[in-house]
Amino acid sequence: MGVTPKRPSIFARLSLDFEARSRAARARAEDALVRFALLAGDNVGEFVVIGGLNPDFLAPSAPTPHQGTTDVDLLFALGFETDTSGGDFSWLDEALVQGGFSSSNRWRWDAIVDDARVRLEFLCDVWDHTADSVALPGSRLAVASKLAGPAPALINPVRRSLTVSDAVRRQLPAAPTTVSLRFANLGGYLLAKAAAARSRMLPKDKYDLMYVVLYNELGGARAAAYEVSRQLAVASEFATPDDIVAAMTKFTDPRGAWAGIFADTMIASGDAESAESLRTDAAFGARAFLEALNAV
């Protein structure tokens, strides 16, 4: 795990279409991840979970439960310079077929799990490749669409054990009690989320970013900055602080849009604090983060 991969990687999203973020949706997303992991078999160690399931693990003692998620973001290390060398993703074909996935463009795959649609998208961050999609070596069925992104999360991931639910066991009766999966560590998650917050400009990314900065179990904004610094040091071949510095700077104005998105989402998730107080928390947290990052 200490080896730095070459160019960042394949990124996949499992999403539950047509529903809002919620705790119930998060539970279904986790089931979708567990099911895919079981279908992956011995290849389960080839990807890292980087998306909306992480806040519950990174900030387990937050004052208000995380809003939840409708998707699972997975990152695969390609480690190649072109689309024709390195890696072997032939196992994906069997997992996609066994999982009942279908696709019209070879990078977005749909299936039905417990009457909810699950979407699996393969994306990649390969800077020296000019085409819109990149072949996955060994796979006859799948390709990846390009996305600027979350490669630092590949480094030094954390092992987490997830329970195989009754719903998953009904589909896969021979499944074990738990599955062990690699999740992004705190620094990797924040760097990936900052890149998403800047590139996708979705409110959920801004909320997720500040939620984990403020409430992470290692000690809040200053601890988050330290972990980001550590991650940048080991991922220096392809990671810079530009995205996270720019994103956190957006939060420093308590009257700004980014602080407002965080406050509004926290209140919608059940937080009892006032919008003004939550905006101030975001601004103070961002300033503390930037101060600590600059001091490292």
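Strand β3, residues 71–76, is mostly covered, with six of its six residues buried. Keep in mind that this is a predicted model. The chain around that strand has 10 helices and 10 strands, and buried residues make up 56% of its 296 residues.

- β1 (residues 10–16) pairs with β3 in the antiparallel sense, over six bridges.
- β2 (residues 47–49) also runs antiparallel to β3, and three bridges join the two.
- Which residue of β3 is the bridge partner of I10? That's F76, and F76 is the bridge partner of F47 as well.

**Helix α6 against α10**

- Two packed helices are described by the angle between their axes and the distance between the axes.
- For α6 and α10 (residues 275–295), the angle is about 70° and the axes are 10 Å apart.
- The two helices, α6 and α10, are therefore roughly perpendicular to each other.
- On the α6 side, the contact is made by M210, V213, L214 and Y215; α10 brings in L278, D281, A282, G285, A286 and F289.
- Sorted by class, that contact of α6 with α10 has eight nonpolar residues, one polar and one charged.

**Helix α8 against α9**

- The axes of α8 (residues 242–251) and α9 (residues 257–268) come within 6 Å of each other and cross at roughly 75°.
- So α8 and α9, too, are roughly perpendicular to each other.
- Here α8 uses A247, K250 and F251, and α9 answers with W258, A259 and F262.
- The contact of α8 with α9 divides into five nonpolar residues, no polar ones and one charged.

- Most residues other than glycine have a negative phi.
- You'll find N156 in the loop between β8 (143–146) and β9 (158–163), where N156 is partly exposed at 32% relative accessible area.
- M201 isn't a glycine either, yet its phi is positive at about 55°.
- M201 is in the loop between α5 (186–199) and α6 (203–215), and its relative accessibility of 46% makes M201 partly exposed.

**Single positions worth a click**

- Q231 belongs to helix α7 (residues 221–234) and is buried, with a relative accessible area of 3%.
- What does Q231 touch, not counting residues up to four places away in sequence? The list is P152, I155, N185, G187, G188 and L191.
- G100 lies in the loop between α3 (90–98) and β4 (102–103), and G100 is partly exposed at 49% relative accessible area.
- Leaving aside neighbours within four places in sequence, G100 is in contact with D110 and A111.
- From C-alpha to C-alpha, G100 and D110 are 8.1 Å apart in space, and they are 10 residues apart in sequence.
- L141 sits in the loop between β7 (133–135) and β8, and counts as partly exposed at 26% relative accessibility.
- Residues up to four places away in sequence aside, L141 touches D93, V97, R106 and W109.
- L141 and L92 are 49 residues apart in sequence, with 8.3 Å between their C-alpha atoms.

**The chain as a whole**

- Of the contacts with a separation of 6 or more, 72% are between residues 24 or more positions apart.
- The chain's accessible surface comes to about 12400 Å², and 51% of that belongs to carbon and sulfur atoms.

Key:
Residues numbered from 1 in each chain as written. Predicted model: local features only at pLDDT ≥ 70, side-chain atom pairs only at ≥ 80, totals over all residues. Heavy atoms only, no water. Helix = DSSP H or I, 4+ residues; strand = E, 2+ residues; numbered from the N terminus. Buried < 20%, exposed > 50% of the residue type's maximum accessible area, 1.4 Å probe, protein only. Axes fitted to C-alpha atoms, helices over the stretch in contact; angles between N-to-C directions. Parallel < 35°, antiparallel > 145°, perpendicular 65-115°, else oblique. Contact = heavy atoms within 4.5 Å. Nonpolar A, V, L, I, M, F, W, Y, C, P; charged D, E, K, R; others polar. Areas by Shrake-Rupley, 256 points an atom, 1.4 Å probe, with all protein chains shown as cover. Pairing = 2+ DSSP bridges.
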